[in-house]
Each structure stands twice: as structure tokens, then as C-alpha cells.
Amino acid sequence: MSRIVGAEALPAEVREYCGLDRIDFADQVSVTGVPCRSAEQWARATVGIVHPVAGTLIWRVGLHGRLDHRRSPDLIGGWRVAHRDERRIRLEIPSTVMSLRLMLTTEDDRVTLTTCVRFDAPRGKAAWKTIEPLHGLGDPRLLAGAARKERDRELQGVADPDSKPSGERVVVLGAGYSGLLAARSLARHLPESARLTLINERDVFVERMRMHQLVAGQDLPRIPLSDSMRSTGAEVAIGSVASLDRDGRAVVLDDGRRIGYDRLVYALGSRSTPAPQGSVGVADPDGAATLRHRLGELRGGRVVVVGGGLTGVETASEIAEQRPELEVHLLSGGPVDAGMAPRAGRRLRESLSRLGVAVREGVQVAPDGSGALQIESAGTAEPLSADLAIWAAGFRASPIAEDAGLRVDGQRRIVVDDRLRSVDDPRIYAIGDAGVIGRPKGLARMSCQTAVVMASWLGKRLAREVAGRPMPAHRPKFVWRNISLGRGDGLTQFTHFDDRPLPFFLHGKAAASFKELVNRFVAWEVTGLRPSSGRGRR
């Protein structure tokens with residue numbers, strides 16, 4: 001690899017091709033001994049793989065530029081294609097303070113990436129200085145990495161993905177955290193000839209991690225799927241899934257529509273186990289809206305949250321903080337601090353006690369013979385007395401996969417291999433709460449954390465497989481358990497990759513701020529829309 005810096009060092013033909021009347025910064029990186037590819041193919045292998053969030057942070061925030069992530073042959077990695085032929089390509093990006101040009105040229109076994117910048121405003125030079133060290137590291141690594149991959153693919157005899165026609169129909173079921181993120185990622189990485197369809201029962205994205213805030217009376221912004229999927233080139237179909245026709249490779253909606261697929265990404269997520277009569281589930285927006293209304297009608301009384309997992313703990317904490325006049329009880333079949341280090345567990349219990357949440361562990365709640373709820377413990381039973389009973393006791397996936405004859409676990413999750421393919425049907429992929437890796441030591445806990453990682457991974461790798469390239473194994477990892485305990489308190493338990501707790505944790509305001517930051521970043525990552533500054537306020 002060779003590199004030159006400075007406009008005066010650039011060849012005259014490169015300066016002319018740049019199209020700028022003045023060049024204030026320039027550098028050029030070259031790699032030799034690479035396979036023969038067109039300039040556009042090299043551009044997609046380098047600039048085209050930069051993550052859109054990372055690109056936005058660098059170009060929009062740092063350099064006042066605007067990336068365009070629409071799915072279009074005239075856009076690569078958010079950059080506009082200003083000119084191209086077989087041997088060279090020039091990319092441009094709008095900016096209010098500078099003019100930027102990226103050029104890739106090919107000649108025999110050599111590929112060259114050139115960056116030229118003209119500062120159009122005084123702050124342009126200052127802005128570039130802040131980002132120049134990152135640019136200096138990034139361009140050589142992008143080009144070297146792309147060259148290495150192309151050499152490996154040529155040695156393995158793998159065809160170039162852009163030269164392989166693909167008219168495959170890829171359908172994503174569900175637009176929750178995993179489904180929407182997977183659909184947006186696939187829209188960026190699938191070949192242009194592929195047809196992508198996103199199916200969801202609602203026309204909005206639901207921030208399920210904030211359902212406890214909605215219950216407690218806080219307003220959440222409405223995020224239409226049409227805004228999130230705008231300009232992706234994907235079709236959005238609104239409707240509930242009635243069944244899967246695996247033999248006919250089609251999704252059947254409850255209104256009779258049939259949507260065919262060649263590959264199906266199953267991301268229908270999970271819901272609370274059915275709430276017994278006399279209680280309302282908290283995990284879906286309809287239940288949360290019902291609870292919000294009924295909670296608003298209470299002027300005092302007793303609220304009982306059934307389920308001591310993260311959802312139950314967050315719901316009880318939020319209600320206790322927002323409605324201190326209510327008597328809040330949390331009933332749990334096991335310890336509320338399960339999966340936490342001892343010190344973190346003690347801190348959690350202290351926070352619940354400070355909020356006035358009465359915790360009762362080792363109990364089960366079930367309907368009695370007349371249908372009324374009762375608390376069962378150590379072989380005895382007593383009536384559950386509550387003005388409002390909130391059900392947060394466990395989650396199960398949709399029965400659609402099981403009804404279609406796919407192998408599922410006890411929570412109805414599709415059993416998948418380490419490439420997230422159903423062990424019964426390799427054309428079906430399951431992610432988020434809808435899938436579980438069946439290999440030994442496969443991680444089993446449902447969480448937004450793993451759903452986002454699985455979706456991001458599959459979006460890129462499935463596009464590779466559609467293009468005829470090998471698909472590597474997915475290795476899921478946990479890093480933390482994030483719990484909000486009202487708006488001003490929280491707890492973050494850091495974990496080993498296998499979800500065992502580490503002795504390190506955050507608590508108090510720092511953990512609450514961290515959880516809010518994670519929630520906002522995940523919403524931005526999933527929807528592509530900037531989070532609202534008013535989120536989480538009454």
C-alpha cells in the first residue's frame with residue numbers, strides 16, 4: 001500500500017477529474033496486486049460498507065454534510081455518484097462548509113482511492129481538522145480490507161455479488177426492534193434486483209422498551225413505518241399474519257392476501273403469556289394503553305404487578321414514582337435480583353424499597369375455580385386483592401411458526417442454527433424474541449439487546465448469501481442488563497458474554513441516564529429517525 005498527501009502530489013489527470021477549482025486538502029491511497037474489478041464495484045466494497053449511523057456521525061455532525069441512504073443505483077454509502085465509467089468513479093456529498101470528492105480509479109491490478117476537499121467557509125477547515133485523523137486511519141483500512149476480501153473471494157472462486165442477478169423475494173415478518181432493523185439493513189445491502197417486503201400488523205413502530213412509561217402516564221412519540229422505510233425501495237404491507245404456507249412459500253394475511261417469498265425473516269417477537277381474567281398484560285401497546293386509562297382513573301388504592309422480571313420491576317418502579325399515592329406491590333415467582341451480582345441485587349432491592357414497592361417472592365398467581373385471581377405459596381392460597389392487576393409474568397412467541405410445523409422451544413421460539421436458519425427450513429430465518437439458537441450453550445434470554453445484534457448481523461449476511469457468498473456463523477453475546485427504576489434511578493448490571501453477572505454495575509442517576517441514552521440510540525439505529533427530545537415526559 002502507498003499513500004501521498006497534498007494536492008501538488010496528485011497526478012494532473014486526477015486533479016482535473018476532481019472537478020474542483022481549488023483543492024485545500026488531498027490524499028491518495030493505492031493498493032496493488034488486487035483482482036480486476038470495475039471502479040463502481042470497488043466503491044461499493046469500500047465506501048458502500050460504512051455503517052449509516054457511523055457515516056452520519058462523521059459527515060453530518062462533524063462536517064455538516066448530508067448523506068442520502070436511499071436505495072438507488074446513483075447512491076453509494078449515502079454519497080451521490082457524480083460520474084462513473086469502467087475505470088473510474090467520482091462520489092460527492094452536499095455540505096454547507098466544504099466541497100468533498102471521493103474518487104476511485106482502477107488500472108490493471110491496482111486500485112486507488114483519492115479524497116479532495118475545498119473549504120467553502122472558515123469553519124470548514126476547523127471542522128476538517130477534527131475529523132482528519134479518523135479519515136487518515138479510515139481510508140487505508142477500508143481499501144486494504146476490501147482488497148483482502150476480494151483476493152480471498154477470487155481464491156475461493158466466489159463470483160462478484162454485483163455481477164450475479166438476483167430476483168429473489170425477501171420478506172420480513174414483524175417491524176419491532178429486530179424486524180425493522182433487519183428490513184432497513186437488507187434494503188441497504190441486497191442486490192438491486194431483489195424484492196424486499198416488510199409485513200407488520202401496525203403502521204407504526206412500537207418502542208416496547210418504554211411500555212412501562214406509557215402505562216405510568218408518559219407520552220411517547222408516534223413513529224410511522226412509512227417514515228422509517230421511506231426511500232428504501234421496500235414494500236410495506238400492513239396486516240396480521242394468519243399462517244405460513246411453507247409448501248407454497250407464502251405468508252397468508254388475515255384478510256386473505258398471500259405474499260410470496262424465497263427467503264423469509266421471521267421477527268414476530270413475543271408477547272406476555274395470556275393474562276388471566278382480572279388482569280391486563282403490559283408488554284403490548286393495546287394492554288399498555290388500557291392500563292394507562294385504568295390507572296388514570298384511580299385516585300388511590302392498590303396496584304399489583306405480577307412478574308418479577310425486568311418488565312415487572314420497571315413497571316412497578318415507574319408507577320410508584322409517578323403515582324406515590326398508590327400502594328404498589330410486586331409479586332414474583334423467583335428472586336427479583338436473579339442474574340445479578342450480590343451488590344447489584346442489594347442495590348435493586350434498596351431502590352424498590354425507597355420507592356415504596358412492596359416485594360413478595362416465591363409466589364404464583366393463578367385463577368381459582370370461580371375465575372378470581374389468587375396467590376399460591378407453599379401449598380396455601382389466598383385471594384389477590386387489587387384495584388388494578390398488571391400481568392408481566394413471562395413471554396411467549398407467536399404460535400404462527402409452531403402451527404406451520406417448524407421446531408420451536410417451550411416459548412414457541414423457532415429453533416435455528418448458528419446462521420439463524422430454521423433447523424427445519426433453511427429458507428426461513430428467525431431473529432429477536434422469535435428465534436433461539438439450538439446449539440449447546442445457545443443464549444436463551446429474550447432481550448432487545450440480542451434482538452438488535454441478531455438483526456444487524458442478519459441484514460448484512462443474508463444479503464451476502466442472496467448474492468451467492470458464504471454466510472459465517474453468528475456468535476451471540478450479552479454485555480449488560482439495563483433496568484430503569486423510575487426517571488431518576490436505574491441499574492446496569494454488566495455481564496460476561498454468556499450473561500453471567502460481572503461484579504461491576506452502575507446505579508442511580510448515572511444508570512438512568514445510560515439507559516435513556518441506550519434507548520434513544522437503539523430507536524435511532526432501528527428506525528433511522530432522530531429520537532424526539534420530548535420522549536419520556538408527562
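Tutor: Take Thr112, which lies in strand β7 (residues 110-119); strands here are DSSP runs of E with at least two residues, and helices are runs of H or I with at least four, both numbered from the N terminus. The model is predicted, so local features need pLDDT of at least 70 and side-chain atom pairs count only at pLDDT 80 or more, while totals for chains, interfaces and linings use all residues. Residues are numbered from 1 along each chain as its sequence is written, and side-chain values use heavy atoms, with hydrogens and water left out.

Thr112 counts as buried because its relative accessibility is 8%; buried means under 20% relative accessible area, exposed over 50%, and partly exposed in between, with a 1.4 Å probe and protein chains only. Leaving aside neighbours within four places in sequence, Thr112 is in contact with Gln28, Val29, Ser30, Met103, Leu104 and Thr105, where contact means heavy atoms within 4.5 Å. One of these, Val29, is 83 residues from Thr112 in sequence, yet the two C-alpha atoms are 5.7 Å apart in space. Ser30, also among the contacts, has a side chain that makes a polar contact with the side chain of Thr112 at 3.0 Å. A polar contact is a pair of N or O atoms within 3.5 Å; within protein, one must be able to donate a hydrogen and the other to accept it, and residues adjacent in sequence count only if both atoms are side-chain atoms.
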